[in-house]
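Student: I am new to this structure and would like to go through it step by step. Please show it first.

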Amino acid sequence: MRVTNSRLQSLAASFKPRTSDVHPTPYSWINTSVPGSSTGKLAGRSIAIKDNISNEQAPTSCSSSILQDYNPPYTATCVQSLISEGAYIAGQTKMDEFGMGSQTTHLPPFYTPIHNPASPSPDESLRSAGGSSGGSAAAVAEGSSWAALGTDTGGSVRLPASYCGVVGLKPSYGMISRRGVIAYADSLDCVGVLGRNIDTVEQVFNVISQPDEGDMTCASSATRSIASQISQQHIPGNGIEGFRIGIPRAITQNVPPSLLDYLKGRGAKVDEVSLPSINRALPAYYVLASAEASSNLGRFGGGWFGSPLEREDAREGESGEERRKRIRTEGFGREVKKRILAGTWALSADEFNNTYLKALHLRQLLRREYQTLFRIPHPLSSPGRISNDGVVDMILHPTAIRTAPILGKGKEAAKGSNEYQQDLLTVPASLAGLPCMSVPSGKGSDGWPLGVSLTSQWGMEGLVFRLGRAVEEWARGL
Amino acid sequence: MIILSRWGFARPPILPFLSGSSRGYATTKKKVIQGEEEWETVIGLEIHAQLKTGRKLFSPASTSYGEVPNTNVNLHDAAFPGTLPVLDLHAVRLSLITALALNCRVNPRSTFDRKHYFYHDIPASYQITQHYNPLARNGRLPIIQGENNVKRTFDVGIHQLQIEQDTAKSQTVGENTLVDLNRAGTGLMEIVTEPDMRSAEEAGAFVRKLQGLLRRLGSGDGDMEKGNLRVDVNVSVHRHGTPFGTRCEIKNINSVRFLQAAIESERRRHIQHYLTSPNQPIKQETRGLNELTLETFSLRSKEEAMDYRYMPDSNLPAVVVDPIYLDKLRNDLPEMPWEVIKRLTETYGVQKRDVETLIGLDEYNFDGIRYYEDVIGVNGDKKIAKKAMNWIVHELLGQIGKLPPPWSPTLVPSTLMRDMILLIEDGKITGTTGKAIIKHLISTSSSTSNEEVKLEEVLSTLGIEINDETSSGGGGIEMQKLCEQAMANQPKSVVDYRKGNEKVLMRLVGEVMKLSKGRADARKVKEVLVELLK
């Protein structure tokens, strides 16, 4: 589905990436150099980069005051891969500070906001593009970039994709190198891809899904070939005939019945499945992600890199510790500070067993539940096996619990714990490290985009793309 | 009195154990505390040994010592955003062989954790270490009576061995704290012992033995002066038969002498405490050692202890060691210093300290030991084993002394040394000749390599002929002839000697040496002359 509505057309001028101190825009930095001629799989393609992915050409600030004007001295492996295949880096996109948020509203005070470009009419209230990769999703949706890289820790690619009506892939954990990606929660962070359609996403994914000796969690060539072998042997061909699709009973949001009929008509089998741990995924996610964030963000404020604020000398009579406290207090936004505090608490000696370890245990339970559900064996745990005892190949459910929320302080705006509820449907795949892609699935009753999520066994991106294309074809007929 | 001031006790008269004049305890430490033997000191060590890999544990930056500050720094060492650790597997291998040499049980699956704290010396605000699943556990290192003057043979248990990162160095200059990241991220092994040592000497013996072990394995250089091996020591004191006392930790000790001094100072402080406040446990705290006064001082108490918020590091996969690989590493372990001492002293009856001298020539590859074994031959020629030790350790090393050239296996090639010793033993050349040969080779080594030199060449260069006529021991017919000739040449000396003037014997010896052109063995000549003069 293409986002070509009247509102977007009226904003034809914004099809070019732009930054602005006045107008809303997805970009925090744009590449002003003229794209030269290039060769490679992505020759001539303009791709936007989320502002937590290091790019030597650009300041990479994670939309945080504490990293304002930080120029990374190196470029992330995934960005290097794009460039060496001829891609043109269009710009860096705004995000919820350090990836913490789901509406791209946790921005430094001097940033202009991002508006969801998928509005059905010009009279509509302004809506959120989703987050935390809201800038990347909006850049693709408004058409100013062909594709965009985002990062997804608990849904940060899939949720904005759903809200903005584009395709958003969170690959299996470890498929795309994280070297150069500024960490929020290392055990969950994945580089994701956003594009107007699955072909685009797949093309970008194939370029950046590579082994990397600079990231020990990045899958090796050997593991990748086992995974592709399993995927080919399990359900040969290109269509979805023989696919077994599970709809989780625990998730009450309805999947469009016409979609299920369509998939059945194409030869897939659809069944309800039980994933009881899904309901406990959200608290587990917030404990683990916050704990890891409190660790990863400890480096900021020490004066080693980053903004002039961070590098500023101690003030008169200020100790090193006081200086660090001041910089961290001023440099981090509210949401980031909240999660750092929560994570620090979860890791404290008195709470560790009851909080962090319990969350880890819930994560284990959830992983096991997924594994018993899949027919396809996990390429890492049982190489050589091509069949498992499970019942499904793919899990399908709505990406979000609603269409994009209205921006602002009004009644309809999602705030606080409501904002966390948005992650309910996206965090399970993150905790389990599974590939999950949001594909546009038509419009809600309010005329705004909806998306469905397709989750499969680790390393089965190929199957996810195959089912995704079927969903795309169904949506085209809507 | 010196000791009392160390403890900070102002008033000796209230202490019941002080008797007699104050002179007594200032000079004889052992008498200071009455009933000292009632107390037992319990000592455990935490040792940080730098892994000798040449690079950092998680980054490719070099670890060379003494460089310009902040030049051996990779972005990861400075914790730049988005950088990831890449574990050096060579460091893991060195740690594994160290664990095996310490008889540890290697954990089939070990993992890395983060230890969090905010300080200038740790840019990431966490140190990567192994808290929950260390590389290895349950080892032991046997200490033999006599090592470092210890009074018993016992095992020091190894609680665990883990791999971790070193911190940066920070120093305060004026109002600023300056940080040098050259050391940041260097790989360390932390070796934690059980509290099995009972005296400063025992703790010293353990550290010395561990240094030898690390060097032999090549896993560390054990250099305490450079800070490549640092020791934290836990000390508690209790009366025999009662439960262990409260322990105090003394941090960052950088020599064996300071280690022993710290334990001694701490032991006395604890005993003093229990004598003056018998019902109060001593305050558990972390202490430092004042290297000038050799007293410990309080750094921080237990109440101020930090919560390090240990958390698994998900950037690093678990280290899973294949049992077959582990067996191979175990089988390939080299002979340890104490093993070679035992073998050589038992097999050849050589002196322990001489073997130690050979080990000291090259603690890493045992070039000295290998040289000795080359000299005595493949299967160990027992006949010349002791002589060879003497020639190498006392003659060769003695002549080299502390001057250049340093010893090397090619200075006096082992085959030449062996041939020379065999000729001496057969009486075909004298010991004096042997010394001359060694002297010659040392003096020529600076201009030419001795590696290919044959004994015959040296002998001919020095104009020495091999005495083929002498029978065994060099005291044969030839020697006797020379002595008789000398006596004939110096009849007055013979008469004087027989009158009782034994000093003239040396004149006769000198005559024989002249006749033999210096090749005769002066000691043997003396024996033969004494016999003939009877």
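Student: Which residues lie nearest the centre of the second largest pocket?

Tutor: This is a predicted model, so the answer rests on computed positions. The second largest pocket has a volume of about 1,200 Å³, and 36 residues line it. Those nearest its centre are Tyr173(A), Arg367(A), Arg109(B), Ser314(B) and Pro317(B).

Student: Which element gives the largest share of the lining of the second largest pocket?

Tutor: Two elements give two or more residues each to this lining: α8 (278-296) and α12 (356-373) of chain A. The largest share is eight residues, and the element that supplies it is α12(A).

Student: How many residues in the lining of the second largest pocket are charged?

Tutor: Sorted by class, the lining has 17 nonpolar and 13 polar residues. The charged residues number six.

Student: How much area do chain A and chain B bury between them?

Tutor: The size of an interface is often given as the accessible area lost when the parts come together. Here 36 residues of chain A are in contact with 32 residues of chain B. In chain A, the residues that lose the most area are Met216(A), Arg299(A) and Trp304(A), together 28% of what that side buries. Carbon and sulfur atoms carry 62% of the total for the two chains, which is about 2,700 Å².

Student: Which element gives the most to the side of chain A that touches chain B?

Tutor: Between the chains, 14 residue pairs are in polar contact. On the side of chain A that touches chain B, at least two residues each come from α8, α10 (320-331) and α11 (334-347) of chain A. The element that gives the most, with five residues, is α8(A).

Student: Where is the residue that a cis peptide bond joins to Gly131(A)?

Tutor: Most residues other than glycine have a negative phi, and most peptide bonds are trans. The bond between Gly131(A) and Ser132(A) is cis, with omega about 5°. Ser132(A) sits in the loop between β3 (88-93) and α3 (134-142) of chain A.

Student: What is the phi of Phe98(A)?

Tutor: Phe98(A) is in the loop between β3 and α3 of chain A. Phe98(A) is a residue other than glycine, yet its phi is positive, near 55°.

Notes:
Residues are numbered from 1 along each chain as its sequence is written. Chains are lettered from A and ligands numbered from 1 in the order in which they are written. This is a predicted model: local features need pLDDT of at least 70, side-chain atom pairs count only at pLDDT 80 or more; totals for chains, interfaces and linings use all residues. Side-chain values use heavy atoms; hydrogens and water are left out. On a 1 Å grid over the protein atoms alone, a cavity is a set of points where a 1.4 Å probe fits but cannot get out, and a pocket is an open set with protein on both sides within 12 Å along at least five of seven lines; lining residues have an atom within 4 Å of a point. Grid points are joined across faces, edges and corners, and a volume is the space filled by probe spheres set on the points. Helices (H or I, at least four residues) and strands (E, at least two) are DSSP runs, numbered from the N terminus. Ala, Val, Leu, Ile, Met, Phe, Trp, Tyr, Cys and Pro count as nonpolar, Asp, Glu, Lys and Arg as charged, and the others, Gly among them, as polar. Contact means heavy atoms within 4.5 Å. Buried area is the accessible area (1.4 Å probe) that two parts lose on being put together, summed over both. A polar contact is a pair of N or O atoms within 3.5 Å; within protein, one must be able to donate a hydrogen and the other to accept it, and residues adjacent in sequence count only if both atoms are side-chain atoms.
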